[in-house]
Amino acid sequence: MQLIAENLCVERGSRTVIRDLSLVVASGDAIILSGANGAGKTTLLRALAGFLPPSSGTVRIDGGDTEKTVGEQAHFVGHANAVKANLSVRENVGFWARYLGGATENDARVERALDHFGLRDLAEFPAAYLSAGQKRRVGLARLLAAERPIWLLDEPTVSLDLASTGLLAKAIEHHVEAGGLAIIATHTPLGLKRSRELALQLRGRAA
Amino acid sequence: MSAFLTLVSRDLRLSLREGGAIGTALGFFLVVVTLMPLGLGPDLNLLSRIAAGILWIALLLAALLSLGRVFESDFEDGTLEVLATGSMPLELVAAAKSLAHWVSTGIPLALLAPVLGILLNLDFNVYPALVATMLAGTPAVSFLGAIGAALTLKARRGGLLLALLVLPLYVPTLIFGISGLSAATANAGSFGPSFAMLAAISLASIVLGPLAAAAALRIQLQ
């Protein structure tokens, strides 16, 4: 499948942040979005996920399940973790597995996600008692707990230590090798084997 | 459907664990109704005549207290964005959260009302009608309130604005709730039509409330 953006323009306030951006991301691609603060990385990801309606241009999917919108096939990881303080780690991940994923094999996938992000020992803890980095890992665990072909990650490495960043990079590589696609806005080098960089400039035109 | 039930059960579990919202609403209901006899004096006839009105108004205000949190905590911790990428439309997300609010707040308030009725010298024969009208009327409180909660999501101190937006929408529920009860107390008019209107208002809000709330949420997510 391909995620295609054509002549995308997105405005924030009255300012055009993304101007005439065309982009094709195919299965197996990992795109690293880079650019200065305010260059439009978050805006682009939110427009791709369908939160921000573009002022002109289109975002569409070629191949795959064309009945569903991009948002319905995508994992969106924003600045906040989407983790509930009063649920345990396993309940948090399990909720997203059931809500975002299909109805089958959820338990096995939740356990795999907990294992991958090193959360097994914390599984029964309420998320309220976790550190910022641990909470981030709980938030990221939903990537593996529910299967979705498109990953849109906005600064996913915030508050992660080096080892955890490595775990995330490994998860992204597995996902891409298995035919998924990922667009990651980050300032931290992830060390992905196969990735392309898309540098956004302050006026919003891709370099 | 499974996503809908998953969300409802998660919300109910959270409201049980957090406890604050239900506790404040029930506590507020209790305090307001307790203050009334102190303010109005010990005239039992007067109290029993106005009991239905006091109970209904106090219930609406108590429910308002907890409405602000319907979407707020999910918005703050980023959950709402992820809920929006789910396989069900945002309308159903709003419906699920309104339903959870009704179960966790509307039903407990309606069940507490007869206990508070004792404080107001409410006729015992009216109790079944009181609980019935409140159970039939409170879905409208939750589902219409969700519209206000979605609209005031980003507003600082949105609570007061929420009350201004939502309380006028509760007028029909209040009118038919009271008229059903006065039919039961004074045998003036009949209970059936008022109750049917109350249920109709609730059904209409269950259908229309989530549509409006989802439209407001889409704007808030931009």
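This is a predicted model: local features need pLDDT of at least 70, side-chain atom pairs count only at pLDDT 80 or more; totals for chains, interfaces and linings use all residues.
View 1. Apart from neighbours within four places in sequence, the residues in contact with Leu130(B) are Leu55(B), Ala113(B), Pro114(B), Gly117(B) and Leu181(B). Ser15(B) is 115 residues from Leu130(B) in sequence, and their C-alpha atoms are 25 Å apart in space.

**View 2. The open sheet of chain A.** In chain A, 5 strands make up an open sheet with parallel pairing, in the order β5-β6-β7-β3-β8. Its edge strands are β5 and β8 (196–199) of chain A, each of which pairs on one side only. On average, and with direction ignored, neighbouring strands of this sheet are turned by 15 degrees against each other.

**View 3. Strands β3 and β7 of chain A, with helix α5.** Strand β3 (residues 30–34) and strand β7 (residues 181–185) of chain A run parallel and are joined by 4 bridges. Leu33(A) has Ala185(A) of β7(A) opposite it. Helix α5 of chain A, residues 162–177, packs on the sheet and touches β3, β6 (150–154) and β7 of chain A. The direction of this helix makes about 145 degrees with that of β7(A).

**View 4. Helix α2 of chain A and what covers it.** With 12 residues, α2(A) reaches 17 Å from its first C-alpha to its last, which is close to the 16 Å expected at 1.5 Å a residue. The helix is mostly covered, with 11 of its 12 residues buried. Among the buried residues are Phe95(A), Trp96(A) and Tyr99(A), as well as Arg90(A) and Arg98(A). The cover over the buried residues includes α3 (106–116) and α4 (132–145) of chain A, and also α1 (2–18) of chain B.

**View 5. The contact between chain A and chain B.** Chain A brings 19 residues to the contact and chain B brings 19 residues. On the side of chain A that touches chain B, β5 (74–77) and α2 (89–100) each supply at least two residues. The most comes from α2(A), which gives 4 residues to this side. Sorted by class, the side of chain A that touches chain B has 12 nonpolar, 4 polar and 3 charged residues.

Key. Residues are numbered from 1 along each chain as its sequence is written. Chains are lettered from A and ligands numbered from 1 in the order in which they are written. Two residues are in contact if their C-beta atoms, placed from the backbone, lie within 7 Å. Ala, Val, Leu, Ile, Met, Phe, Trp, Tyr, Cys and Pro count as nonpolar, Asp, Glu, Lys and Arg as charged, and the others, Gly among them, as polar. Two strands pair if DSSP finds at least two bridges between them. Axes are lines fitted to C-alpha atoms, for helices over the stretch in contact, and angles run from 0 to 180 degrees between N-to-C directions. The expected span of a helix is 1.5 Å times one less than its number of residues. A residue is buried if 20 or more other C-beta atoms lie within 10 Å of its own, exposed if 12 or fewer, and partly exposed in between; C-beta atoms are placed from the backbone.
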